[in-house]
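Q: I would like to learn how to read salt bridges and domain contacts in a model like this one. Could you take me through them step by step?

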Amino acid sequence: MTVLVFAENWEGKFKKPALEALTYGAELAQKTGGAMCAVVAGNNVPAEEIKKLANYGCSKALYINHPSLATFSAMLFTGVIGEAAKKENASCIVFSNTYSGKSIAPRLAAKLKAGLVAGAVALPSSIEPFVVKKKCFSGKGFTDVQVTSGIKIISLSPNAHHIFAEGATNAADFKIEEFSPAMPASDTTVSEVKKTTGKVVLTEAEIVVSGGRGLKGPENWGIIETLADTLGAATACSKPVADMGWRPHHEHVGQTGITISPNLYIAIGISGAIQHLAGVSSSKVIVAINTDKEAPFFQVADYGIVGDAFEVVPKLTESIKKFKSAH
Amino acid sequence: MKFLVCISHVPDTTTRITFTADGKALNTAGIQFIINPYDEMALTRALEIKEAQGGTVTVINVGTATTEPTLRKALAIGADDAVRINADPVDALFVAAEIAHYAQNEKFDAILTGRESIDYNSGQVMGMIAELLGIPSVAVATKLDINDGKANLEREIDGGKELVTVSIPFAASAQKDFAEPRIPNMRGIMSARTKPLKVIEPASAFKPVLSVSYQNPPAKTACKMIDPAHPEELVNLLHNEAKVI
């Protein structure tokens, strides 16, 4: 099948989720004996950046360059990606399930009368019938979804698929093809972009250090922040901590907060209520530090320390500093 | 403002999820169902704007008769009337097409959903309705205000927030911070019993997606306990065994 992958760019660069989607698309194309084509939509994306896509298994990048694509409109991006899909006669379209993927993929599914698997975690287990696994029940389950429409859309969960090592694949005949579909006026005016600066962004972080009620008060967050800084990690917190105003709401991870899937999640003084676990259970490795050896977190953690956070965490930070200076 | 708020009927957040022995369905025995928490945030914000500026709030659900208590709860919180499309909500595009079909003739100014339902976590229905109706959509929004006939929203983006303006009618999905959910009071609960709840039969049968089986996540291997006096052992394991640092 011909696979079209939306290679999302952030200010002209392709980040990890886009590279995961490209690798996924390339492997899907290979599995079905088809070709994979990337689609890049933006305003003045540097050609040398687009050329890098050759490393991720595509033979061609369709490049839609237009000033209207400098800011985001779900309607507009859906329209041009839909045109690209028609042009390439794509039977499968792959997104990363980022904010953009979440905005575009459903609209495109409705436009193309295509079945959409949002939050896919693996390549299709079968092509005929077309079956893809996705997360459900907020990390408490998985479901195998069968798609029966002619065109299929997959929105891949970030951090769920590997990325080709750069240079591992190199299509010698890679080419960039400029594509100029009809461009209606944007329906969305962006008045301000507020960037979280200076800190590691929680949803993109490889490592997250999180604190709960066991920290006893907002004045004690220094040990969490120092550990996070040492690891180059983002900080997070449990719901009660955000509700009591100890930490800002945007740090709250859990079922009604933010869902994250970092490589390493370190939970300090968090008991591990089922709603909290729902937001973090797809982390690759979980460390729990808690005074209570019966805390539910130890049932889902890979590594645990039963002890007082105020003693253990500073020691752990020191050990990591030593490790970092030795490596 | 004439609001339509889409309500999903989902297992309570504290539910331990299990599946039937054949793995083909959710084990619903003993499960309490609630309004999807993000939908409740959307509903609350719609009510706040209605109270300040006037208008109506209609709630809609695609579901079988078992979802009616959830719709009654939405009426108790303050919605004016409810609509139930009488069908099993097996596929997002099917659900969206049914809601869009109903909304087409009703001229709503705003169609709101939660950013995802906590059962299928797909977040598809809002964008699909918007595309089917040809109106702007803003996904994962944290704020909504209506001023001078326009909708001003704040939405999450990778690494920050963005303030956007769209014309009316529009659709949006609510993320945390959209509104603080309300607990219905006795008057609300009493009046909910007599508010209109209309049942409509589905208009289409196009269902391109179907969940064929379910599993719980694989059981974790036992947690390795580390001596609190020797956290360097944890660093060693994270580097050499887990390979995450």
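A: Gladly! Let us start with a term we will need: a residue is buried under 20% relative accessible area, exposed over 50%, and partly exposed in between. Please keep in mind that this is a predicted model.

Q: Which residue does the side chain of A:Lys194 meet in a salt bridge?

A: The general idea comes first: side chains of opposite charge can pair when their charged atoms come close. Here the partner is B:Glu154, with 2.9 Å from N to O. This pair crosses between chains, going from strand β12 of chain A to strand β8 (residues 150-157) of chain B. On the chain B side, B:Glu154 is buried, at a relative accessible area of 5%.

Q: How many salt bridges are there over all chains?

A: The count is 32. One of them joins A:Lys16 and A:Glu206, whose closest N and O atoms are 3.4 Å apart. A:Lys16 is partly exposed at 33%, and A:Glu206 is partly exposed at 38%.

Q: What about A:Glu177 and A:Lys60: which parts of chain A does that pair tie together?

A: Their side chains form a salt bridge at 3.2 Å, N to O. A:Glu177 belongs to strand β11 (residues 175-178) and A:Lys60 to strand β5 (residues 60-65), so the link spans parts 117 residues apart in sequence. With 21% relative accessibility A:Glu177 counts as partly exposed, while A:Lys60 counts as buried with 13%. Both residues also belong to a network of salt bridges that includes A:Lys87 and A:Glu88.

Q: Now the domains. Where do they run in chain A?

A: The domain assignment gives domain 1 as 3-178 and domain 2 as 202-326. Taken over C-alpha atoms, their centres are 33 Å apart. Nine residues from domain 1 and twelve residues from domain 2 take part in the contact.

Q: How should I read the area buried between domain 1 and domain 2 of chain A?

A: The size of an interface is often given as the accessible area lost when the parts come together. For these two domains of chain A the buried area is about 750 Å², and carbon and sulfur atoms give 31% of that. In domain 1, the residues that lose the most area to domain 2 are A:Ser138, A:Lys140 and A:Asn159, together 55% of what that side buries.

Q: And what polar links are counted between domain 1 and domain 2 of chain A?

A: There are six residue pairs in polar contact, both residues being at pLDDT 80 or more. The side of domain 1 that touches domain 2 divides into two nonpolar, three polar and four charged residues. The count of salt bridges between these domains is two.

Q: To finish, what is the make-up of chain B in helices and strands?

A: Chain B has six helices and 13 strands. Its C-alpha atoms fill a box of roughly 65 × 45 × 40 Å along the principal axes. Of the 245 residues in chain B, 54% are buried.

Methods. Residues numbered from 1 in each chain as written. Chains lettered and ligands numbered in written order. Predicted model: local features only at pLDDT ≥ 70, side-chain atom pairs only at ≥ 80, totals over all residues. Heavy atoms only, no water. Salt bridge = Lys/Arg side-chain N within 4 Å of Asp/Glu carboxyl O. Buried < 20%, exposed > 50% of the residue type's maximum accessible area, 1.4 Å probe, protein only. Helix = DSSP H or I, 4+ residues; strand = E, 2+ residues; numbered from the N terminus. Domains from an automatic or database assignment. Contact = heavy atoms within 4.5 Å. Buried area = accessible area lost by both parts, 1.4 Å probe. Polar contact = N/O pair within 3.5 Å; in protein donor to acceptor, adjacent residues only side chain to side chain. Nonpolar A, V, L, I, M, F, W, Y, C, P; charged D, E, K, R; others polar.
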